[in-house]
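My entries follow in the order in which I looked.

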Amino acid sequence: EKIEIPHTKAFTLSRISRQLRVQGQSMKASEILNRAFVVAKTVKDDYLRANALYRIAGSYGEAGEHAKAFGVAKAIEDRYTRTGALDRLAAEYAGAGQYAEGIQVAETIEDAYYKACALDAVAGEFLKEGKKDKAADVLSRAFEVAKTIEAPYTKAEAFAKIVYSYAEAG
């Protein structure tokens with residue numbers, strides 16, 4: 001509690017929370033992570049606040065507290081940092097078998113490239129489970145999103161990822 005600088009305090013609390021979770025103290029870890037979130041919201045510098053919130057969203061996601069992770073990610077004002085947090089969270093949801101939630105999170109991503117990639121990641125999790133038909137459905141949506149990307153190189157990169165996943169789906 002002696003740390004005065006808010007972003008340093010938020011980062012430190014987040015690290016302590018992760019360590020407690022590793023030690024099996026989930027309840028205490030969650031309490032500390034909640035405090036980190038409150039502190040992170042007080043950081044005045046936009047860049048430092050966004051990074052603190054990104055870290056906290058990631059910690060919630062790693063802990064399986066996906067709803068809290070989503071709330072924190074949506075609170076990130078910086079578009080690119082928010083996109084990164086949402087992209088990661090979509091994959092975490094799908095990795096936990098919560099495919100519908102992963103798709104819902106991916107659909108909230110504003111940037112078409114990252115949305116397509118997040119959907120591709122969800123499809124990849126379906127493929128790991130042998131759910132090829134469901135993967136193909138999500139890949140179809142990712143393909144539609146990728147078609148809206150304006151930058152040719154970025155569009156090609158998204159299509160390449162999706163085509164590779166389609167090949168894996170058979």
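**Entry 1: the chain as a whole.** I note at the outset that the model is predicted. I counted secondary structure elements and found nine helices and zero strands in the protein chain. Read from the N terminus on, the elements run α-α-α-α-α-α-α-α-α. I then took the extent along the principal axes, where the C-alpha atoms fill a box of roughly 55 × 35 × 20 Å.

**Entry 2: H2 against H3.** I looked up how helix H2 (residues 26-40) lies against H3. Their axes come within 9 Å and cross at roughly 160 degrees. Angles over 145 degrees count as roughly antiparallel, and H2 and H3 are therefore roughly antiparallel to each other. I recorded the crossing of H2 and H3 as left-handed. On the H2 side of the contact I listed Leu33, Asn34, Ala36, Phe37 and Ala40. These meet Arg49, Ala52, Leu53, Ile56, Ser59 and Tyr60 in H3. By class, the residues of this contact divide into eight nonpolar, two polar and one charged.

**Entry 3: H5 against H7.** I next examined H5 with helix H7 (residues 112-128), which pack at an angle of about 15 degrees. Their axes lie 8 Å apart. Angles under 35 degrees count as roughly parallel, and H5 and H7 are therefore roughly parallel to each other. The crossing of H5 and H7 is right-handed. From H5, I listed Thr83, Asp87, Ala90, Ala91, Ala94 and Gly95 as the residues that meet H7. Their partners in H7 are Tyr114, Cys117, Ala118, Ala121, Val122 and Glu125. I sorted the residues of this contact into eight nonpolar, two polar and two charged.

Entry 4: I searched for cavities of 30 Å³ or more and found one. The largest cavity holds about 40 Å³ of space. Which helices each supply at least two residues of its lining? They are helix H3 (46-62), helix H4 (66-75) and helix H5 (79-95). H5 gives the most to this lining, with four residues. I wrote down the lining residues as Tyr54, Ala57, Gly58, Ala69, Ala73, Ala85, Arg88, Leu89 and Glu92. The lining of the largest cavity divides into six nonpolar residues, one polar and two charged.

**Entry 5: cross-reference.** H5 meets H7 through residues including Ala90 and Ala94, and H5 gives the most to the lining of the largest cavity.

Definitions and conventions
Residues numbered from 1 in each chain as written. Predicted model: local features only at pLDDT ≥ 70, side-chain atom pairs only at ≥ 80, totals over all residues. Heavy atoms only, no water. 1 Å grid on protein atoms, 1.4 Å probe; cavity = no way out; pocket = protein on both sides within 12 Å on 5 of 7 lines; lining within 4 Å. Points joined across faces, edges and corners; volume = space filled by probe spheres on them. Nonpolar A, V, L, I, M, F, W, Y, C, P; charged D, E, K, R; others polar. Axes fitted to C-alpha atoms, helices over the stretch in contact; angles between N-to-C directions. Parallel < 35°, antiparallel > 145°, perpendicular 65-115°, else oblique. Left-handed = near helix turned anticlockwise from the far one by under 90°. Contact = heavy atoms within 4.5 Å.
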